[in-house]
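Okay, thanks for coming, everyone.

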Amino acid sequence: MIYLDYQATTPLASEARAAMLPWLDGPDGKGFGNPYSPHRLGRAAAAAVEVAREQVAKLLPSGGSVIFTGSATEALNLAILGSDARSFAVSPIEHAAVLDTARAHGVACHVLPCSADGIVPADSPVPAGVGLVAVMQVNNEIGTVQPVGELARAAREAGALFLCDAVQGAGKLAPPEGADLIALSAHKLYGPKGIGALWVRDGVELSPLIHGGGQEQGLRSGTLSPALCAGFGAAAALAMERTEEDAVHVEALWRRAIELLPHWTLNGSPSRRWHGNLNLRREGLDVARLMSDLREIAFSAGSACASGSGRPSHVLQAIGLDVRETKSSVRLGFGRYTTIREIEDACARLDAAAAAQGMIP
Ligand code: PLP
């Protein structure tokens, strides 16, 4: 199996797995304590959580705190619903965790523009009265990198908070500048599933969504898993160490894939993009057939959620593709553990399968 779905999830780094194991101990070990218990086992677990918090914080700007959550979806819900904003501005290419949450609870939801290249213009006006602006750092479907620094400044000038979904950019790019709230997910940066984080700038007031023991600084209740925290922390530390090395590797994979797929059209900007994302289309391609012909390659027909729903991708539609074009698009996502040989093999098989459908040449 060649895994080319890195935007859906990344493989767990062995370093993250190793960091988790001591906190999954049974009764003979010392790692199963509740991090909120005052005894030695509890204090050891609490210390592991705090080490992890520091490691994750290094991916983020200074001047704020990291709140662990069960996922980035939860972090985004906490940011949107926990702010007292009643009017939102969002880009049309946000993840459903932002769009559906803002639409479900906002009195008003203004949609910002997006170019045919998949970029939200840096000078997009923020309407008066908007309380929270949400624009992601890197799009999960087409990989385009948004001018979040400028957009955060525009939000601030309009008196609004700026929320950045940095799920696909964290550990790869510098943290978004000027944001008030930043959401992350461990499983998109080679950490475990089931844990995310919300970074909250000092002074930003939020109300909790999940009530109970108030374990996460009163903002999120529920006993944290020290194992998941430790895995997230180790993955974050590794991403910090390897940022340059990972980027160089991804660039080499990208260049090879582009060389091998000259007859495919790229969706979204080629340059203002994370190069571990190759979203491509072929006129008339039957993607369902392609996926069934290439069962040994794990890739996506869009975002994991959009392809599951069978609905045409809202991101591809936002950049002006018609329904037929969206349905003839595929997303190849690669990263740290993808080899050049895997990319070469996958591209050759993709091209051959498209040719078998009568695609020319
Ligand atoms: N935001 C983006 C850009 C994503 O790609 C995803 C995952 O698909 C999420 C948010 C949600 O992350 P999680 O799986 O941690 O809830």
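**Core, sheet and ligand**

So, the largest nonpolar core has 42 residues, and the ones with the most contacts inside it are Val-56, Phe-68, Val-133, Phe-162, Leu-184 and Phe-232. By nonpolar core I mean a set of buried Ala, Val, Leu, Ile, Met, Phe, Trp, Tyr and Cys residues joined through side-chain atoms within 4.5 Å. Buried is under 20% relative accessible area, exposed is over 50%, and partly exposed is in between, using a 1.4 Å probe and protein chains only.

Before I go on: this is a predicted model, where local features need pLDDT of at least 70 and side-chain atom pairs count only at pLDDT 80 or more, while totals for chains, interfaces and linings use all residues. Residues are numbered from 1 along each chain as its sequence is written, and side-chain values use heavy atoms, with hydrogens and water left out.

Take Val-56. Skipping its neighbours within four places in sequence, Val-56 is in contact (heavy atoms within 4.5 Å) with Val-66, Phe-68, Leu-184, Ala-197, Phe-232, Gly-233 and Ala-236. Apart from that core there's another one, of 25 residues, including Leu-4, Leu-278, Leu-280 and Met-359.

Now the sheet. We've got 7 strands in an open sheet, order 2-8-7-6-5-3-4, with mixed pairing. Strands here are DSSP E runs of at least two residues, helices are H or I runs of at least four, and both are numbered from the N terminus. Two strands pair if DSSP finds at least two bridges between them. At the edges sit strand 2 and strand 4 (108-111), each pairing on one side only. Strand 6 and strand 7 run parallel, paired over 3 bridges, and Leu-163 stands opposite Leu-181 in strand 7.

On to helix 3, residues 72-82. Is it buried or exposed, mostly? Mostly covered: 9 of its 11 residues are buried, among them Glu-74 and Asn-77. Its N-terminal end is capped by Ser-71, with a side-chain oxygen 3.3 Å from the backbone nitrogen of Thr-73.

And finally, the ligand. It's surrounded by 13 residues, the closest being Thr-73, Asp-165, Gln-168, Ser-185 and Lys-188; a residue counts as near if one of its heavy atoms lies within 4 Å. A polar backbone atom of Ala-72 is 2.9 Å from a ligand oxygen. Asp-165 puts a polar side-chain atom 2.6 Å from a ligand nitrogen, and Gln-168 has a polar side-chain atom 2.8 Å from a ligand oxygen.

That's my tour, so over to you.

Conventions: A polar contact is a pair of N or O atoms within 3.5 Å; within protein, one must be able to donate a hydrogen and the other to accept it, and residues adjacent in sequence count only if both atoms are side-chain atoms.
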